Structures are given as structure tokens and as C-alpha cells.
Amino acid sequence: MNIPIIRHIFVIAGINCAIALSSCGRDVNSIADPHFDSDGAPLDTAVQLFTPGLPKSAKLYVETSGSMNGFFRANQANKFKKTVWSVFSGLALITDGNVYPMSNGGDIDAPVVLGTFRNKMNAGAFVSNSSTHIPAMLHNIIENIDTAKNEVALLVSDMKYSPMGKTASPELLQYQEQIRNIIGVHPSVSLSFVCANSEFLNLNGSVAEENSPYYFIIIGKSENVAATRNDIARWCEATNSYVESGDMAMNYHTPNYT
């Protein structure tokens with residue numbers, strides 16, 4: 001190798017070292033944006049990262065209208081009974097020990113002790129002919145939540161709205177907006193759902209639908225709702241019932257980023 005080539009190699013290497021040293025000393029925030037420090041970290045004191053937190057207490061509700069009958073058939077085993085009991089017993093330590101059935105257009109019925117609920121569910125005692133008014137049901141539940149004390153409410157329902165009479169058709173068309181507005185007038189309340197599926201049974205015990213959907217609706221403060229949703233999703237996965245989940249009116253604060 002001749003001398004000029006060697007000199008050329010050393011010159012290039014020297015330039016590369018100088019560039020590397022210069023780059024190492026340069027701020028990440030190269031345009032001196034006042035919202036970030038020299039390392040690129042935000043200076044905004046309002047930054048609040050979202051962290052799920054377990055609730056202090058929970059109230060358990062279950063819809064017992066006619067559309068749910070196929071899940072409650074007497075002495076018939078299905079994934080609904082297994083999964084509901086898995087979820088309810090998993091939350092038992094933070095409840096008041098009761099389950100609150102809901103029927104008659106969305107009213108909250110007399111509470112049933114958790115163990116008694118299990119026996120009545122297995123025996124088909126919740127089979128009924130009552131109709132469902134989902135908006136009224138959600139309104140009554142929200143009115144009984146104390147989010148300031150980190151309380152959540154959990155409703156099990158197929159979410160099939162069945163208004164009766166001449167006004168039924170427009171009521172059904174406006175169903176989505178009614179749900180949105182109920183949540184909208186309660187700014188401190190967030191909602192999440194976990195969709196699960198189960199065999200839906202005929203009166204004689206035969207399977208009418210192999211994978212009929214129903215929902216666990218979690219209502220409360222965003223952090224408590226998220227933590228409860230995550231637990232319920234895992235319990236549904238364990239019983240091979242999980243379908244999907246989603247959120248509504250959640251306050252995610254500042255997203256985590258790097």
C-alpha cells in the first residue's frame with residue numbers, strides 16, 4: 001500500500017471520529033423547543049400517566065329478563081354459568097356479599113346473597129318473562145355508584161333492548177344515542193365491556209346457539225374500570241369464553257411513550 005492511500009484512510013477515519021464526537025455532545029432537543037429539556041423529556045408539569053388501579057369495592061348486577069333465559073336453563077351446564085361464577089367469586093372479597101338481579105324494565109330487585117345466587121342460577125330460578133329497558137338499567141346502576149370511594153359496578157347482560165308498544169321502533173333506532181347520552185351526563189363515570197360467549201339453550205336443554213354473546217359491563221372511575229376489565233378478560237379467557245373488549249368515556253391521561 002502506498003503512502004498517499006494510507007494518508008487518505010487516516011483522514012477519513014479522523015473525520016468520522018470528529019463527527020461521532022460532535023454527535024455525542026449534541027442535545028436531543030436540537031431545536032431548543034421550550035417544552036422539552038436537552039434530553040427530550042417533557043417539561044409539562046401537567047403530565048399524568050394512566051395507571052390502572054383495583055377498586056376498593058364492587059356491586060354485582062345481573063339482568064334477569066326473558067332474553068337471558070337460554071343462559072339460565074334449570075340444571076343445565078354451560079359456559080355462561082361457569083364464567084359468571086368465576087367472575088363474581090373472583091370479585092367477592094370487595095363486594096357487599098350480594099348480587100342484585102335486574103328486571104321489570106330496569107329496576108334493581110332485592111339483593112341475593114352470592115352463594116344463594118349461584119344455587120338459584122344453576123337451578124334456573126332466574127328464568128322469567130320480563131322485558132328489558134337497557135337505558136333505565138344503566139341509569140339506575142350509575143346512580144348507585146360512589147366513584148369517589150373507588151367503587152365500580154358490574155352488570156352481566158346480553159344488552160338486548162326490548163321496549164314494548166307503539167314507541168318500540170323509534171326507541172330501538174335511538175338505542176345507541178340513549179346509551180351515549182347516559183354516560184355523557186356523568187363525567188366522572190367511565191365504562192368498559194368484556195364480551196363473552198356461551199351455549200344458549202332451548203327449554204328442553206338442547207343447544208339453540210353454540211356461541212351466543214353476552215357482556216360484562218364495568219362502570220366507575222377510569223383507573224378502576226381498566227383494572228377490573230383486565231381481570232375479567234383473563235377470567236373469560238380461562239373459561240374459553242372471551243370474545244373482545246372495549247371502552248367508552250375513558251380518561252387515558254397522558255399516553256406512555258419513549
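Let me start with helix 2 (residues 79-90) and helix 3 (residues 114-123), which pack at an angle of about 175 degrees with their axes 11 Å apart. The model is predicted, local features need pLDDT of at least 70, side-chain atom pairs count only at pLDDT 80 or more, and totals for chains, interfaces and linings use all residues. Residues are numbered from 1 along each chain as its sequence is written, and side-chain values use heavy atoms, with hydrogens and water left out.

Axes are lines fitted to C-alpha atoms, for helices over the stretch in contact, and angles run from 0 to 180 degrees between N-to-C directions. Helix 2 and helix 3 are therefore roughly antiparallel, a label for angles over 145 degrees. On the helix 2 side, Phe 80, Lys 81, Val 84, Trp 85 and Phe 88 meet Leu 114, Phe 117, Arg 118, Met 121 and Asn 122 of helix 3, contact being heavy atoms within 4.5 Å. By class, that contact has 7 nonpolar, 1 polar and 2 charged residues.

Next, helix 4 (residues 134-142). Its buried residues (under 20% relative accessible area, 1.4 Å probe, protein chains only) are Ile 134, Pro 135, Met 137, Leu 138, Ile 141 and Ile 142. Seen down the axis, they fall within an arc of 160 degrees, so they line one face of helix 4. They pack against several elements, among them strand 1 (57-63), strand 5 (151-157) and helix 6 (175-184).

Last, the cysteines. How many disulfides are there? The count is 0, with a disulfide taken as a pair of cysteine sulfur atoms within 2.5 Å. The sulfur of Cys 195 is 8.9 Å from its closest cysteine sulfur, in Cys 236, which is too far for a bond. Cys 195 is buried at 4% relative accessibility, and Cys 236 is buried at 0%.

Key: Helices (H or I, at least four residues) and strands (E, at least two) are DSSP runs, numbered from the N terminus. Angles under 35 degrees count as roughly parallel, over 145 as roughly antiparallel, 65 to 115 as roughly perpendicular and the rest as oblique. Ala, Val, Leu, Ile, Met, Phe, Trp, Tyr, Cys and Pro count as nonpolar, Asp, Glu, Lys and Arg as charged, and the others, Gly among them, as polar. Buried means under 20% relative accessible area, exposed over 50%, partly exposed in between (1.4 Å probe, protein chains only). The arc is that of the directions from the helix axis to the C-beta atoms.
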